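Work through the exercises below with the sequence and the structure at hand. Each task is followed by its solution in steps.

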Amino acid sequence: MASTNSHSAGLALRYATAVFELAAEERAIDRLAADFAVLKKLLGESPELARLVRSPLFSREEQAKGMEAVLARAGAADLTRKLVLLLAQKRRLFALADVIGAFEQLLARHRGEVAADVTSARELSAGETAELRRVLKDKLGREPRLTTHVDPKLLGGLLLKVGSRMIDSSLRAKLDGLRAAMKGHRNGYPALGNLRDS
């Protein structure tokens with residue numbers, strides 16, 4: 001499984017690097033980044049589009065035709081269109097989300113930014129997002145490029161991924177850690193109900 005994931009990551013990085021270099025030559029990096037942001041949002045919001053991209057049941061022609069319609073509706077640039085249709089033709093459209101992710105990392109490095117993925121129990125307000133951005137900039141010494149997600153299963157706090165490093169401040173993680181510690185100490189320690197304030 002690990003080798004499959006590393007193969008997919010390597011494949012995505014090769015495509016992302018090639019399209020990034022082409023975009024740099026054409027002075028179209030910002031345009032490509034905007035198109036990729038739209039595609040990423042659509043993939044996250046549309047189960048039908050995600051299925052078209054990932055399912056091997058669709059032929060390359062069906063995938064290409066479906067993506068042509070999506071790209072036309074999104075007003076995507078020619079370079080974006082060429083990349084997506086090349087992935088469909090090569091039966092590698094399943095890697096589109098990974099290609100976008102790899103491109104975002106290349107873009108962040110190019111701009112001197114650091115990518116930060118933030119998951120919170122509820123949507124962060126503009127003030128909270130600005131404060132988080134400020135704190136991250138102070139800690140990391142670089143401008144963070146935030147991608148935010150909402151996961152109602154979190155009891156509180158944030159899950160923060162900076163590069164490949166996960167920083168977990170969620171209450172659920174703390175509770176799970178405490179619960180695991182209590183299970184480990186069940187023998188030889190008094191039950192919590194028997195503890196009294198001294």
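Helices (H or I, at least four residues) and strands (E, at least two) are DSSP runs, numbered from the N terminus. The model is predicted, so local features need pLDDT of at least 70 and side-chain atom pairs pLDDT 80 or more, while totals for chains, interfaces and linings use all residues. Residues are numbered from 1 along each chain as its sequence is written, and side-chain values use heavy atoms, without hydrogens and water.

**Exercise 1.** Find the aromatic pairs and classify each as stacked, tilted or edge-to-face.

Solution. Step 1: rings of Phe, Tyr and Trp (its six-membered ring) pair if their centres lie within 6.5 Å; planes under 30 degrees apart are stacked, over 60 edge-to-face, the rest tilted. Step 2: the count is 2 aromatic pairs. Step 3: the ring centres of Phe-20 and Phe-103 are 5.6 Å apart with planes at 55 degrees, so this pair is tilted. Phe-20 belongs to helix α1 and Phe-103 to helix α6, so the pair ties together parts 83 residues apart in sequence. Step 4: for Phe-36 and Phe-103 the centres are 4.9 Å apart and the planes at 90 degrees, so the pair is edge-to-face. Here Phe-36 lies in helix α2 and Phe-103 in helix α6, so parts 67 residues apart in sequence are tied together. Step 5: Phe-20, Phe-36 and Phe-103 form one aromatic cluster. Phe-20 and Phe-103 are buried, and so is Phe-36.

**Exercise 2.** Describe the largest nonpolar core and the surroundings of Leu-93.

Solution. Step 1: a nonpolar core is a set of buried Ala, Val, Leu, Ile, Met, Phe, Trp, Tyr and Cys residues joined through side-chain atoms within 4.5 Å. Step 2: the largest has 33 residues; Phe-36, Leu-93 and Phe-103 are among those with the most contacts inside it. Step 3: α1, α2, α3, α4 (60-74), α5 (78-89) and α6 each supply at least two residues of this core. Step 4: with contact meaning heavy atoms within 4.5 Å, and residues up to four places away in sequence not counted, Leu-93 touches Val-53, Gln-63, Met-67, Val-84, Leu-87 and Ala-88.

Methods
Buried < 20%, exposed > 50% of the residue type's maximum accessible area, 1.4 Å probe, protein only.
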